[in-house]
Each structure stands twice: as structure tokens, then as C-alpha cells.
Amino acid sequence: MGAMVKIIISPAKKMRQDTDTMECRGMPVFLQETDCLRRYMKSLDYQEAKRIWKCNDKIAELNYRRYAQMDLSKGLTPALLAYEGIQYQYMAPAVFEDQSWEYVQRHLCILSGFYGVLKPFDGVVPYRLEMQAGIQIGRYHSLYGFWGDKIYKEACRGAKTVLNLASKEYSKCITPWLSPRDRFLTCRFGELKDGKVIEKGTQVKMARGEMVRYLAKHAVEETEGVKGFQGLGYKYAEEFSDKDTYVFLK
């Protein structure tokens, strides 16, 4: 029996290693594909890698070093503790209670350009590889091509509803493959301006993190329960929502 609601979120660019806080439970499902990407990234020279990452020298040097020394089976951090972005700061998994951890392990999928799909306790290493990175690997010109429908199949397996808290860059791994049977429910967080819902990047990331926290704390199993979210001053706005989009306004 799969989870009634599967929640998808984006990863963060910034990562850390934390081998002490919690034990990993299991390995990422697509480790073979990940190893293929690791070998590809390792084969690039510094300038090629930097072009793919679109970042400054400090970040490029750190990640170039990471790929040079990378071992996918050593020094692992549970995926949910490995990412450091705003969304993860507001989710604050390090202070989850046990039942919240059990909930996210059942319901939450982190989508990743490097790992494909991660469960919260999967053991990962720090990497940098965004889904829209311009890679040329075998016959594929993008990571979307490389992953094909694998991410969709894994993330949506056994789900009655997929609750989308991911950015467009990441939800695009799933949306092309959706079938009429799939319910794909997107949450939007914004403010009203001249009758339009305006979303602001940082605010949205904060709200997505808070939403995961709320769902885990209240062990929400049905989409009706999602509407109860009131974190950061947001409230569910019935008149702007429909069956595929829940809008929350400040």
C-alpha cells in the first residue's frame, strides 16, 4: 500500500555533510544512474564543469574537488539533513519529532538532478548538479532526457495524489509523464496585487518548508488537511484555488 499523498520538493544547491545527527536508512534507488553522472562530471575539466554549474570560482573549486574525491558509499548524510537552502531551514528537520520523521519517510520525495529521487533517510554525499544543467551525456542533451520517466514512476508510485511543493525546474521531471489517473496538486504561496496572485521566490521557499513541517506534524493523509496550513501568516484562499491548485495568501 503506497502513501495516499506523496509530497515532492526540490533540493537545495548548498549541501553539508552530517554523519552524526542521525543514521542513514538505505541508499538512493537510482545509484547506478548517479554513478554514471558522477563519472561524467569527474571526466570534465575545470572550465567545463564550471560552465555547467554557472557559479563563482569558490563554489566551482569546492565542487570540482568533491567530484574528484567522491565515493557514493562513504561519509553519508541522510538526504533531508544534507540540504541547506531556505526551504530546509524553515522545515527544520533536525528538530522533527520521531513521528514527523516517520511521516516524511513515508510521504516525502526530494527530486534531484544527481540522485533522481531521494527519501529523507537515504544516504547521500554533497554534490552540485541542477536539473536544468546543460550536460551532454551519451545521447542526452539534458538531465530531463537522461532521467526520462524514471523520476515520475518512482515519485508517483502508489500515490493517490502528488502534492507538488517543487519548483518548475523540478516538477518538470514529472509533469510531461502524468496520466489522466494521476492527481497532481500544486501549492502556491503569494500575495494579492491588483487581483492577481504574486509569488516571491524567497517567500515561496520559506512557505514550502513550513508546509512540509505542518504536514509532518499533523500527519496529514488527505488533501483536505492541506488546506489547514496557516504558517507564516498564509491562509488557504478558496476563491483562487481549484482541484489542481491550492492557493495560500498572506
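# Strand S7 and its surroundings

Val162 has Phe184 as its bridge partner in strand S7. The model is a predicted one, in which local features need pLDDT of at least 70 and side-chain atom pairs count only at pLDDT 80 or more, while totals for chains, interfaces and linings use all residues. Residues are numbered from 1 along each chain as its sequence is written, and side-chain values use heavy atoms, with hydrogens and water left out.

S7 covers residues 183–193. Helices (H or I, at least four residues) and strands (E, at least two) are DSSP runs, numbered from the N terminus. Strands count as paired if DSSP finds at least two bridges between them. Strand S6 (residues 161–165) and S7 run parallel and are joined by four bridges. With S10, S7 also pairs in the parallel sense, over five bridges; here Cys187 stands opposite Tyr246 in S10. The pairing of S7 with strand S8 (residues 196–198) is antiparallel and has three bridges. Glu191 has Ile198 as its bridge partner in S8. Two residues lie between S7 and S8, which form a hairpin, and Asp194 in the turn has a positive phi of about 50°.

Positive phi values also occur in loops. Most residues other than glycine have a negative phi. Ala92, with phi near 50°, lies in the loop between helix H5 (86–91) and helix H6 (98–107). Leu232 has phi near 55° and is found in the loop between H10 and S9. Leu232 counts as partly exposed because its relative accessibility is 29%.

Next come the spaces in the model. Rolling a probe the size of a water molecule over the atoms shows where empty space is left. On a 1 Å grid over the protein atoms alone, a cavity is a set of points where a 1.4 Å probe fits but cannot get out; a pocket is an open set with protein on both sides within 12 Å along at least five of seven lines; lining residues have an atom within 4 Å of a point. Grid points are joined across faces, edges and corners, and a volume is the space filled by probe spheres set on the points.

There is one cavity of 30 Å³ or more. The largest cavity is lined by Phe189, Gly190, Glu191, Ile198, Glu199, Lys200, Gln203 and Tyr234. S7 gives the largest share of this lining, three residues. Of the lining residues of the largest cavity, three are nonpolar, two polar and three charged. In this classing, Ala, Val, Leu, Ile, Met, Phe, Trp, Tyr, Cys and Pro count as nonpolar, Asp, Glu, Lys and Arg as charged, and the others, Gly among them, as polar.

The largest pocket holds about 420 Å³. It is lined by 21 residues, of which Ser10, Pro11, Ala12, Lys13 and Lys205 are the closest to its centre. H5 contributes the largest share of the lining of the largest pocket, three residues. The class division for the largest pocket is ten nonpolar, four polar and seven charged.

The second largest pocket has a volume of about 270 Å³. Among its 14 lining residues, Ala166, Ser167, Lys168, Thr186 and Arg208 are the closest to its centre. S7 gives the most to the lining of the second largest pocket, with four residues. The lining of the second largest pocket has four nonpolar, six polar and four charged residues.

The aromatic rings remain. Rings of Phe, Tyr and Trp (its six-membered ring) pair if their centres lie within 6.5 Å; planes under 30 degrees apart count as stacked, over 60 as edge-to-face and the rest as tilted. The structure holds 20 aromatic pairs. Phe96 and Trp101 make an edge-to-face pair, because their ring centres are 5.7 Å apart and their planes lie at 70°. Phe96 is buried at 9% relative accessibility, and Trp101 is buried at 2%. Phe229 and Phe248 are also edge-to-face, at 5.7 Å centre to centre with 85° between the planes. This pair links distant parts of the chain, 19 residues apart: Phe229 is in the loop between helix H10 (201–217) and strand S9 (235–236), and Phe248 is in strand S10 (residues 245–249). Both Phe229 and Phe248 are buried. Trp53, Tyr67, Tyr83, Tyr88, Phe114, Tyr115 and Tyr127 are linked by ring pairs into a cluster.

Definitions and conventions. Buried < 20%, exposed > 50% of the residue type's maximum accessible area, 1.4 Å probe, protein only.
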